[in-house]
Amino acid sequence: MDKLSSFFATDGVDPNKVPKRTLYTGAKMPAIGIGTFGSDRFSGEDIAEAVKGAISVGYRHIDCAAVYCNEHLIGKSLQEAMQAGIKREELWITSKIWNDMHGDGDILLSCAKTLKDLQLDYLDLYLVHWPYPNYHAPGVDVDSRDPHARPYIHEEYMKVWRQMERLVEMGLVKHIGTSNMTIPKMKLLLRDAKIKPACNEMELHPHFQQPEFFKFVMDNGIFPIGFCPIGSPTRPDRDKTETDTVDIQDPVILKIAKRLNVHPAVVCVKWAVQRGQIPIPFSIHRNEYLSNLMCSVVDPLTEEEMKEIAGIDKNCRLIKGQVFLWQGAKDWQDLWDLDGKIAQ
Ligand SMILES: NC(=O)c1ccc[n+]([C@@H]2O[C@H](COP(=O)([O-])OP(=O)(O)OC[C@H]3O[C@@H](n4cnc5c(N)ncnc54)[C@H](OP(=O)(O)O)[C@@H]3O)[C@@H](O)[C@H]2O)c1
């Protein structure tokens, strides 16, 4: 057996059949990727193995971040895939700059470290992970606060963005984008950016559809990448609150799952691809990540089912971001500019 045939799964999905999204630059991005944040549940080795497995079954889009602390292991998986015959240009690799690296020169340093860890010479997409420089140590409780935390300061964000633009000019990244933004913050960025964001990574699942923000980014030629597409059902307890709802227990999702004879998680992923966002479901289990990819190419949901899912939005944000709050902030809602103004 040659190198190529021993790496690739025979029951995988043909990556050419996976839908693509055309960004404003003309670049084509796979309409579904695999997440790589294992929180404290999975080791970096488990996740790197899953990335290798995911590529072998047909994934070409991997969502990474420096703060997930596993890029050096994922880099080895990417190398193995490329040694098996996958060309660099067939892959779509995203990474993100963490909040403690927003200072002058830090973004170039951080990007260089990510490239070295991932063993790549460019990224397809580099995101500002949060629009705040506020730091919190991995794994801390939601009540933990950074005493130096500050609200959003647009002039500071633009200094970060200028460094991001520089990375494009240097050829280290093909596209830049945002994450955990709001409409008011995005309006300022669009006003002042030389290079417009290509994508905005945001929480999107059936119980948190963000219709207004979704429309805003689409209308502005920015693709929404949807994180927690399944509603992150097995996230650590410290990240759950009493009012959180569970997408994969919703009667509408359960009914459609029964019709298709799939896990309710798969219905969430399918809905996401069909609605037009780019979901990045996470799993280290082969049967799960394979069915998540498979559902993007088979058995579309009916128009009626799409309407039914549109009707179950509960505006239930799961990643509230409490740890990024600054002194004087009321509560986590201040991070999300709910009244249309940037909270100070
Ligand atoms: N930009 C940001 O700030 C941000 C924030 C959060 C997440 N993210 C990204 O988004 C990715 C996904 O988010 P997430 O991991 O929190 O949540 P998620 O993808 O909504 O949920 C992942 C969990 O769903 C279960 N699952 C996945 N596929 C399944 C299937 N086919 N059948 C049954 N269960 C299935 C798995 O549970 P088990 O493990 O128990 O099987 C898995 O741990 C992250 O890995 C990360 O890359 C980005």
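This is a predicted model: local features need pLDDT of at least 70, side-chain atom pairs count only at pLDDT 80 or more; totals for chains, interfaces and linings use all residues.
Helices, meaning DSSP runs of H or I with at least four residues, and strands, meaning runs of E with at least two, are numbered here from the N terminus. With that numbering, serine 232 is found in the loop between β9 (223-227) and α8 (251-260).

The protein chain has eleven helices and ten strands. Its radius of gyration is 19 Å, close to the 20 Å that the globule rule gives for 344 residues, so the chain is as compact as a globular protein of that length. Taken along the principal axes, the box filled by the C-alpha atoms is roughly 60 × 45 × 35 Å. Of the 344 residues, 42% are buried. Among contacts between residues at least 6 apart in sequence, 75% join residues at least 24 apart.

In soluble globular proteins, nonpolar side chains tend to be buried together. Here the largest nonpolar core has 85 residues, and those with the most contacts inside it are Val51, Tyr126 and Val269. Helix α9 gives the most to this core, with eight residues. Leaving aside neighbours within four places in sequence, valine 269 is in contact with Ile32, Pro229, Ile230, Pro279, Pro281, Asn292 and Cys295.

Helix α2 covers residues 44-56, and its 13 residues should span 18 Å at 1.5 Å a residue; the end C-alpha atoms are 18 Å apart, which agrees. Its buried residues are Ile47, Ala48, Ala50, Val51, Gly53, Ala54, Ile55 and Ser56. Just after α2, glycine 58 takes a positive phi of about 120 degrees. Helix α3, residues 71-83, has 13 residues and reaches 18 Å from its first C-alpha to its last, close to the 18 Å expected. The buried residues of α3 are Glu71, Leu73, Ile74, Gly75, Ser77, Leu78 and Ala81. Just after this helix, glycine 85 has a positive phi of about 120 degrees.

Tyrosine 135 lies in the loop between β6 (123-128) and α5 (154-169). It counts as partly exposed, because it has 15 C-beta neighbours inside 10 Å and a buried residue needs 20 or more. Not counting residues up to four places away in sequence, tyrosine 135 touches Asn99, Asp100 and Asp146. Tryptophan 98 is 37 residues from tyrosine 135 along the chain, and their C-alpha atoms are separated by 8.6 Å.

Glutamine 210 sits in the loop between β8 (199-203) and α7 (211-219). Its phi is near 40 degrees, a positive value in a residue other than glycine. Glutamine 210 is buried, with 22 other C-beta atoms within 10 Å.

Serine 232 also has a phi near 40 degrees, a positive value in a residue other than glycine. This serine is buried, with 23 other C-beta atoms within 10 Å.

The ligand is surrounded by 29 residues, of which the closest are Gly35, Phe227, Ile230, Ser232 and Phe282. The elements that give two or more residues to this shell are α9 (264-275) and α10 (286-294). The largest share, three residues, comes from α10. By type, the shell divides into twelve nonpolar residues, 13 polar and four charged.

Definitions and conventions
Residues are numbered from 1 along each chain as its sequence is written. A residue is near a molecule or strand if its C-beta atom, placed from the backbone, lies within 6 Å of it. Ala, Val, Leu, Ile, Met, Phe, Trp, Tyr, Cys and Pro count as nonpolar, Asp, Glu, Lys and Arg as charged, and the others, Gly among them, as polar. A nonpolar core is a set of buried Ala, Val, Leu, Ile, Met, Phe, Trp, Tyr and Cys residues joined through C-beta atoms within 7 Å. A residue is buried if 20 or more other C-beta atoms lie within 10 Å of its own, exposed if 12 or fewer, and partly exposed in between; C-beta atoms are placed from the backbone. Two residues are in contact if their C-beta atoms, placed from the backbone, lie within 7 Å. The expected span of a helix is 1.5 Å times one less than its number of residues. The radius of gyration is taken over C-alpha atoms; the globule rule is 2.2 Å times the number of residues to the power 0.38.
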